[in-house]
Amino acid sequence: MIRIRARWPRVAVAVGAASTLAVTPVAAPAAYAAVPQPVGVTVGADGRLHLATTGAPTPATGIPFAPPGAGVTITPGPDGTIAVFAIGTHGGLVAARTSAASSGITVLQDGPTGLAPPGGHLDAITTTNGIHVFFTGNDGALHTVTYPRFVTPGAGPRPVTAAGLAPPGAAVAATRQPDNNPGAAFVGVDGALHTVWRTTGGAWATVPASPPQLAPAGGGVAATGLDTFFTGLDGALWYVRLTAGPLPDPWTAVAVAGAGTVPAGAHLAAGHFPTGPTVVLFAGHDGAIHATSNAGGTWRPPSATTAPGVARPGTPVAATITGDQLLADWCGNSMWFRLRIPKPRGPHPEPWNATTFPFPSLPTIRAGLNVSAALI
């Protein structure tokens with residue numbers, strides 16, 4: 001166990017048709033019996049889906065689920081199940097789901113093959129309307145599919161934006177509108193943050209949410225509700241609060257941290273405490289997990305929450321909120337790590353009081369693998 005007490009710098013921030021794969025269900029890890037709990041997921045070097053709860057990651061599928069290190073997302077279903085999604089080796093959407101009636105995991109394919117780059121990024125969110133999955137396809141359009149309850153293959157994903165808007169396989173962050181309608185954000189080929197959401201009338205709206213040439217095309221993005229974060233070409237950390245209106249009002253991108261702070265295009269993770277601040281995390285240039293918070297109403301300079309060298313700069317981090325703690329997961333140094341950060345208090349600077357737990361890992365867990373996590 002590594003314990004770091006990092007004190008905030010005392011400075012102010014200057015901000016201006018479906019088929020089923022031939023996969024035999026395997027027993028789900030025993031940890032599913034206890035809820036709620038944090039569950040992390042990754043696609044290992046062997047292509048199998050791995051889950052981590054309170055100990056070493058364990059394989060959850062008997063055969064490969066997606067390309068090694070593939071983009072992956074996990075979300076709880078509205079009926080007590082969980083679902084994990086990835087873009088398989090065939091370029092189609094695959095889902096691993098648990099059953100409300102058993103402890104098994106079944107892997108399914110939904111929709112056609114060749115929709116997106118194998119292993120490309122994607123994200124999912126659960127609302128009262130069901131599970132919503134988003135990814136950018138080979139055509140450069142944002143694709144989505146909704147499962148009202150249990151994840152069951154149907155017509156498959158469909159595009160909801162014009163083609164050519166985004167790099168195929170770009171990082172995507174699922175968002176939630178105040179009316180509970182789903183949406184997504186990504187950095188387009190023009191280097192601008194784009195937001196897409198389903199209106200109350202059922203149509204899909206697409207609006208740029210930042211100036212062009214601000215961020216690496218397809219680069220890292222994270223969201224908590226309507227608050228969206230992304231990294232600039234110059235390594236600045238940017239923040240946009242999206243609204244449910246038809247046009248930006250003003251949807252102005254604000255620099256949370258200046259140039260050189262974040263590895264350009266780095267993956268980001270964000271968590272929002274229901275009665276408190278938002279925390280944004282990333283793997284910094286020094287290989288430490290850095291974080292920033294708006295506790296006290298002001299964004300603070302990111303600072304290290306771990307020792308250096310526990311992660312590869314800019315690689316994926318996943319975040320979940322449970323009670324008064326934020327938990328972060330990542331794959332570093334051929335080992336799965338979990339970080340625990342107590343809820344930041346404001347308005348005065350204070351230490352993170354973060355604790356890092358390295359989990360014993362399998363040889364298939366490699367540094368820098370894509371990770372996702374959810375409270376189940």
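Predicted model: local features only at pLDDT ≥ 70, side-chain atom pairs only at ≥ 80, totals over all residues.
Residues are numbered from 1 along each chain as its sequence is written, and side-chain values use heavy atoms, with hydrogens and water left out.

**Figure 1. The protein as a whole has zero helices and 30 strands.** Helices (H or I, at least four residues) and strands (E, at least two) are DSSP runs, numbered from the N terminus. Of the 376 residues, 59% are buried. Buried means under 20% relative accessible area, exposed means over 50%, and partly exposed is in between (1.4 Å probe, protein chains only). The protein exposes about 13700 Å², and carbon and sulfur atoms supply 58% of this area. Accessible areas come from the Shrake-Rupley method with a 1.4 Å probe; for residues, only the protein chains shown count as cover.

**Figure 2. Ser 210 sits in the loop between β17 (204-208) and β18 (221-224).** Ser 210 counts as buried because its relative accessibility is 11%. Leaving aside neighbours within four places in sequence, Ser 210 is in contact with Ala 192, Leu 193, Phe 230 and Ala 253, where contact means heavy atoms within 4.5 Å. The C-alpha atom of Ser 210 is separated by 9.4 Å from that of Val 254, 44 residues apart along the chain.

**Figure 3. Asn 181 is placed in the loop between β14 (173-176) and β15 (182-187).** With a relative accessibility of 9%, Asn 181 counts as buried. A polar atom of the Asn 181 side chain lies 3.4 Å from the backbone oxygen of Arg 198. The side chain of Asn 181 also reaches the backbone oxygen of Thr 199, at 3.4 Å. Leaving aside neighbours within four places in sequence, the residues in contact with Asn 181 are Asn 129, Thr 175, Arg 176, Arg 198, Thr 199 and Thr 200.

**Figure 4. Six aromatic pairs are present in the structure.** Phe 134 and Trp 204 form an edge-to-face pair, 6.1 Å centre to centre with 75° between the planes. Phe 134 lies in strand β11 (residues 130-136) and Trp 204 in strand β17, so this pair ties together parts that are 70 residues apart in sequence. Both Phe 134 and Trp 204 are buried. The pair of Trp 330 and Phe 337 is stacked, because the ring centres are 5.3 Å apart and the planes are at 5°. Trp 330 and Phe 337 are both buried. Phe 229, Tyr 239 and Trp 299 are linked into a cluster by ring pairs. Rings of Phe, Tyr and Trp (its six-membered ring) pair if their centres lie within 6.5 Å; planes under 30 degrees apart count as stacked, over 60 as edge-to-face and the rest as tilted.

**Figure 5. Four strands form an open sheet in the order β5-β4-β3-β30, with antiparallel pairing.** The edge strands β5 (58-59) and β30 (371-375) each pair on one side only. Two strands pair if DSSP finds at least two bridges between them. Strand β3 (residues 38-43) and β30 run antiparallel and are joined by five bridges. Val 39 has Ala 374 in β30 as its bridge partner.

Note on methods: Polar contact = N/O pair within 3.5 Å; in protein donor to acceptor, adjacent residues only side chain to side chain.
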